[in-house]
Each structure stands twice: as C-alpha cells, then as structure tokens.
Amino acid sequence: MRTAEIRRRFLDFFAERGHTVVPSAPLPTPDPTLLFVNAGMVPFKPYLTGEAAAPWPRATSVQKCVRTLDIEEVGRTTRHGSFFQMNGNFSLGDYFKEEAIAFAWELSTSPVSDGGYGLDPDRIWVTVHHTDDESRALWRRIAGLPDERIVARGDEDNFWSMGVPGPCGPCSELYYDRGPALGRAGGPAVDEDRYMEFWNLVFMQYERGEGPGKSGYPILGELPRRNIDTGMGLERMATLLQDVDNLYETDETRPVLDRAAALAGVRYGADAGADVRLRVVADHVRTALMLLADNTTPGNEGRGYVLRRILRRAVRSMRQLGYEDPALPELLAVARDCMAPGYPEVADTYDRIVDRAAGEEDAFRATLRQGTTVLDTAVAEIKSNGGRRLPGAQAFLLHDTYGFPIDLTLEMAAEQGVEVDREGFIALMREQRERARADARARKSGGTDTAALRGVLGEHGPTDWRAWDTLTTRSRILALLSAAGPAPVASEGEIVTAVLDRTPFYAESGGQDSDAGHLSGASVEAEVLDVQRPLPGLVVHHVRVTAGALAVGDEVTAAVDPEWRLGARQAHSGTHVLHAALRQTLGPTALQSGSYNRPGYLRLDFPWRGALSPTVRSEIEEAANQALRRDLPVGVRWMTLPEAKELGALALFDETYGEKVRVVEIGGAWSRELCGGTHVEHASQIGVVALTSESSVGAGMRRLEAAVGVEGFGYLARERDLVARIAEQVQAPRAELPDRIAGLLERLKSADRENQRLRQAATRTRAAELAGKAQDAHGVLVVTATTDSDTDDARTLAATVRDLLPAERPGVVVIGTTSGHKSILVAAVNAAAEASGLHAARLIKRLLHGKGGGSAQLAQGGGLSADRLWHVLESVSTTLHQH
C-alpha cells in the first residue's frame, strides 16, 4: 500500500467518525521553544494545554514534522529520520481511553477491503503504563489481547509530558512483530527492531509540577478536561505495509536513494558504509525539499542553519560516495515526484525550491575548497609544533566561519594523522545554541517569566485585542511583572511588563514592529516601549513609568501614537506592494522569505542568485509606485485556509493560522496575502516607495530596503540635493553627470596607473642600487636598508633586491620600515641561501626575539620600537654568523 493511500485511509477513517480534518501546519512554527514542528500535537498544543479554546471537539491530521536532535543517527539505524509524517487523532474534552483504543485497533486490523490496514491481530503487541490497569482491561476487552502481549512499562517509556509543568498522562503504544528474522522474541521490551512501534495513544488526564527529566516530578491533580493525543508514524506504517526493512526503503524515499546510487555508481546493499551514506542522502534530500517548500531559507542561524546543515550533509555524503558534480537538482526532482501526491505545493513551487538548493550547493562546493585550505594550514602548523590534536576552537571556527561540517573536519584531520578535540567543539556549539535560544526566548517574552504569564492567561483568559479597530481603549491592569517576578505596583522610572484586559496596541508579528504609545490614568503616565505575544492569545506591554505609579487593578487609557500607527500602516502595506512588484518583475520564484517594517522603513528578503541590475531595481520601484499612482484599493477578507490557497493567497510560514484566515488584498489578485498586520485603505496613502538599497544576505538570498511615506519623500529630497551639489562641484548639468563622473574616474584611474608605474620604476632603481652595495658576511651577500614606504612596498623592495643578487651566491635582504613609533622588518632569502640552511621566517624570529613569521623565502615581523630599528639591522650579519 503506497504512503499516499495510507494517509488517505487514516483521514477518511476519522472523518467518518466525526473528526474535523485539519491540514498540516507549515514546518516552521512560531512556538518560541521550537524551530520546527517536531510532533503531530504541536499545532494543537494551545488547545491541549487550555491556552486557547478548541474550535472542534474532535480533530485529525497528518502533520509534517522535522526532528534533528538525533541527526547523527540518520542512516545508521532503521528508525531515525529527520523528516517524518505523524497521523494523529485528537479528542479535546470529548472521548477518552475506550474510544481511542477502539479506533486504533479497528483501523489497524480491519481488512484492506473495508478501508483498514489489514495488520495481523496476532502480531500486535501493546504497552501500557505499569499503573494503568484501566487501559490493560480495555485492551483485553476491545482487542481480545492476552496478558502476555500487554507489556507494562515505566515512566520513561509510557508516561507522557512536554517536559515542563502542564498536562501529562499515561500512554499506550502499539507494536507490530515483524518476525524472527529481525530479532529476538519476547516483545518490545526485548527488541524494538523486531517489534516496531507504529502508534502511540496519549491519555492526557493529569497536571504535573516542576521536576527534571521524564520522571520524578509531582502530579498536582486531575485536569479539568481530559484529552486524547495520538500519533501514528506514517513512515513506520508504510514500512510495515510495504514489507521493507526500514523507512528509507518506502515508496516516498527509496527512489531518491536509488537515484543517488546510480549517480555515484554504487549498488545499495553491497557496502555497509556506502549504504549509510545513501540513506543519509535519501532522508536529507526529502527533508530539504519539504523545508524549502515551506519557504525556509538556508542561513547561518535558527531554521536557516538547520536547513543549511541538512543540505550540506547530503552534498557531503554524495562526495563521500565519490560523486563530486552538482547532485541536488537531480535528487530533488525525484523527491518532488515522490511527495507531490500528498503535498502538491512541492510541485507548484519546485522552480523556487531547486533554485535555492542549487545556490546552496554551489556555495558549499566553494566552501569546501576554502575550508580545506584553512584546515590544511592549521594541521600543518600543529604538526610543525609537534602536536597531534586540532583544538575544538579551531574546529568550531571552521564550522562557524566557513560552514565546514565537523564530520568533514574529523575525516580530513584523521587522513593527516591528527585527531580533533570534539568535546571542545561540542561545548562551543552548545554555548552558541544556548545563547541563540536564550535570545529567541527573551525576544518573544521580553525577558518575562512565561510561567507567570501562563498563570495570568489561565486566570483572566485571552487579551481583548482591538488593534484592527481602534487606537484607544479603556483598559484595566491585570498584572505587572518585573525581572524579579510579579509586582503589585511600579514606580516612576521603572520598566515592567504590563498585562491589560484589552488593548489597541499591535504586538510585533508578521514582520511588523510593535506600536508605540502610552498608558495614562488618574495619577500615572507610562510610555509603551514594546508589545509582544509571548503566548497564544496573550498580549503584553513593556512600559516605562514616566510619572506617578502604576498598580494592578488600575483603570487606564491605552493609546497608540496615531503618527506611529499611520507610518506603520504605510510601511506594512508598502511591503505588500513591493512584494507584488518584485514578483511582477522577476517572476513567482521571487517569494518573500522574510520582512521587517516600521514607520518609514521596510525591508524584504527573497531568494535570488546574483545582484539585481540598476535597470531591474528601477523596474521594481516603478511597478510599486504605479500601484500607488493607480490608487489600488486595500481590502480585508476572512475565509478558510483552503479557500485562501485556492484563491492564490500567499502565506508567510512564520505565522500561525486558525480555521479562518485574514486575507489582505491590494488591487484584488495583484497582491493577495495572508496577513494579520495593519494597513492603509488605499495604495495612494502609502505616499511613495523609494528603494534605498539592494544587497546580499547569504548564498542565494537578496534584500531590498526602502523608505516609505514622509521618510520616502525625505530620502528622495536628500538624493535630489546631493545630485545638485555634485552637479555644482563638477560644473555639469544633471543629465550629463554620469558621463562627466565616468570621465573623472577614468582620469583618476589613469593617474593611479601612472603613479604605480613610477613607484615600480623607483623601486627597481632603488633595488639595483642596494643590490650593488651588498656586503659579504661569511660567504653570504647581505643587504640591509630602510624605506619610508608601507609594508607592501617594503616586501616588494626586499623581493626585488633578492632577485637582483647573483643566483649562485647565498643572499639575504632585510628591509625596515617605520610607521609612528613602531617598525616592521621584512626578510627575503634567495634559493642559494635557502639551500645552505638559511630561512627567512627563522631569521625574522631571531631578530625580533620570537615575533613574526612567513615562509623560507619571505617573512616579516613587527612590534619593534622605531629607535631600535638601525641597531637590529646592524645585527643581521652577526645573527647570520650565529646560524
């Protein structure tokens, strides 16, 4: 049974039993604790935890997931994959254990002809928590399972929680016996390769407290509403129903593996090491395809870094297989054909996907060349000093600066007889990761304890958010939180987090900066510095009390600065206009991958290989301002997500979308995007879109920046004044400025070339003069001199004098140059001198007491005080004799 059919049967089964089919959420998630959705329950988390009201009592989904915690195990085991799909059915305060167990058993064992999966009931084992007698009894009654196939296990295996205080409960897992050829008898407690887990039923019925790990925390009591959260691994079920050994050999992955083997000229199954690499390629190419389809862009941090690492591991694995040509375009096309039946968007957006991947592969191939040079130099230096271990800091530098994978560093160092301090590398990686996570958490919560905010949300419910409707509200202070925790009052000068029952302030999201404004009451004034949504449904305000005192329970007027909001609306609508103009000019692959806007300013990132020409930039700017000139109407419509997609609305994948989505249209179909931001009512209200820069922000990624509104007019006015001043200075009409400036530049270049020629001639004359005055010191021709030129000229002079000395006689040249109070020495040694044992770098180090370095032929060193320069130059002959 093909994977697409397994997916369809699951959704149909639960839809027929009253479950709402919920589309898969995009892989990027706004949850500040996660980069990507890593479990089927993540999109349902607000409903399962009670942070938001569930829109349906029963739901089912097939959720895309990415999990990279065990990425090093991908390909080495039969169970690890970085991308997987989780079939789930959820009860949100509706049914509980009995129905969940009955549904799982019915779908798993019903005949294929009746819509089930047709698994042999006699080969299914289940596990239950050792205290869960109720589930054991239900498995006996509903499925007729004997006690020996109902295995009791402890908290580590069969008690679920999110790892933090909140909902938890026992779980029951279904396993399938794949037969004695794959391992020992005795059930899942004995061998989880032979007995493959394929479905986990979580019975969410308790609330847990603080505590470490998966056990040892207190159970605080029963939840007010019990939920069901289940997850059936789609790839695992495909492995069972397609009767293959592992998830890499199912119909959505094996074709990629086979194509990789064909490209590399190897046969899957012939060599264990090659098989691991082929499985890595098959898994990672599919993962990259799905991340790129969800508009993730390779980068150096966060989600982008994960994608970059996955793409580079795939390219690296192909290289290890002996294939060094570009591979991703070939392999992604195969993955597209495998995944398109379940996810049509991978075919619809394939041009954009393959373009980004190819750009990343090209950049990585260049990185391999550059990083290899750096690594070889570092290894040579370590070995020359008698060492045999590359420091972790050096490996981290290769990884962090050059994008060099640690496994590549390990392999190449080992080839040269050097080991790597992997523990030091891992420690530095962990520090970097923790800093990034802390920064992300602090930004989302404004540094406020989210546990305290959860308490506020639980007590008072979601914020009554009015940013779309008004600029002022009468509001009540529900809570104040300082860095030390909840506070009853904040005095003048203090900065605190304030939670209001209702607010007109826009919280930063969707690329739009938060509103500015103030809170005012009978005896208090406070400036609003920032507004965030640290939890779904909760808006918090970071405020500075400027007069009086702010207290919990105070009635205040919350007022947005109207000028700020007007500028914010212009900038956000301007971003939509620029995005549409960009796609109109460059085509649909130029899809926004990130944006930021605040009053007067916007920036927009998009995938593109190579800089945009001035002509293209002008075309984009013209298309944007034509929309403003036509005064295109700006409208908002609410609809379901499938309706929006059918309409062609663009979705930004760092947002969370509910059942109904907000579609912002500018000129109807000309610009149609899912968006929760604030906007103008007509395009002309934006004023102007003035492009200020176009730049690179990474391999295959460009950034446009623009000024809008009053700031846009101000930018254009400054540009006009600048042109006027230049025209006045060069005494040319504005229309002739390009030709006049080009002529001036050519004259400057010509003068530079003449300057260079004269300098070279002067250097040759001086060099000949110095070479003619060479002194014999114990059989070595020695030249010492000073120059007023810079270090580069000193190096050129030293090398030129060296080359003018008789080739058959050993010759050494030392030139000194001074800058300020410090001097630099340059030494050059000819081939005859090198053959006699003289070495430029060693000579410099002896003259400068260990400082400096270079090669045997040319070296330099600094740190010498200017008043000692001549003394050191006079000691050259003596130093050579000591050699």
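# Reading strands, cores and positive phi

Mentor: Start with strand β1 (residues 20–21), which is joined to β2 by 2 bridges and runs parallel to it. This is a predicted model, in which local features need pLDDT of at least 70 and side-chain atom pairs count only at pLDDT 80 or more, while totals for chains, interfaces and linings use all residues. Residues are numbered from 1 along each chain as its sequence is written, and side-chain values use heavy atoms, with hydrogens and water left out.

Trainee: How many bridges join β2 to strand β3?

Mentor: The general idea comes first. Strands of a sheet pair through backbone hydrogen bonds, either parallel or antiparallel. Two strands pair if DSSP finds at least two bridges between them. Strands are DSSP runs (E, at least two residues), helices likewise (H or I, at least four), numbered from the N terminus. Here 9 bridges join β2 to β3 (residues 83–92), and these two run antiparallel. Arg58 has Ser91 in β3 as its bridge partner. Thr20 stands opposite Ala59 in β2.

Trainee: Which residues of β2 lie on each side?

Mentor: In a regular strand the side chains alternate between the two faces of the sheet. On one side of β2 are Arg58, Thr60, Val62, Lys64 and Val66; on the other are Ala59, Ser61, Gln63 and Cys65. Both faces are covered, and all of these residues are buried. Buried means under 20% relative accessible area, exposed over 50%, partly exposed in between (1.4 Å probe, protein chains only). Strand β2 (residues 58–66) has 9 of its 9 residues buried, so it is largely enclosed by the rest of the structure.

Trainee: In what order do the 4 strands of the open sheet come?

Mentor: The order is β22-β23-β28-β27, with antiparallel pairing. At the edges stand β22 (594–598) and β27 (689–696); each has a single partner strand, so one side of each is left without a neighbour in the sheet. From one strand to the next, the twist averages 15 degrees. Strands β23 (residues 601–607) and β28 (residues 701–708) pair over 7 bridges. Pro607 stands opposite Met701 in β28.

Trainee: Which helix lies across β27 and β28?

Mentor: Helix α20 (residues 709–730) does, running at about 95 degrees to β28. Axes are lines fitted to C-alpha atoms, for helices over the stretch in contact, and angles run from 0 to 180 degrees between N-to-C directions.

Trainee: How many residues has the largest nonpolar core?

Mentor: In soluble globular proteins, nonpolar side chains tend to be buried together. A nonpolar core is a set of buried Ala, Val, Leu, Ile, Met, Phe, Trp, Tyr and Cys residues joined through side-chain atoms within 4.5 Å. The largest one has 104 residues; Trp139, Phe198, Trp199, Val285, Met318 and Leu331 have the most contacts inside it. Helix α8 (residues 272–293) gives the most to this core, with 11 residues. Apart from this core lies another, of 30 residues, including Leu604 and Leu704.

Trainee: What is Val285 in contact with?

Mentor: Contact means heavy atoms within 4.5 Å. Leaving aside neighbours within four places in sequence, the partners of Val285 are Val256, Ala314, Leu328, Leu331, Leu332 and Ala335.

Trainee: Is Asp243 buried or exposed?

Mentor: Asp243 is exposed, at 70% relative accessible area. Although not a glycine, Asp243 has a positive phi of about 55 degrees. Its place is the loop between α6 (234–241) and α7 (254–264). By contrast, 6 of the 8 residues of α6 are buried, so that helix is largely enclosed by the rest of the structure.
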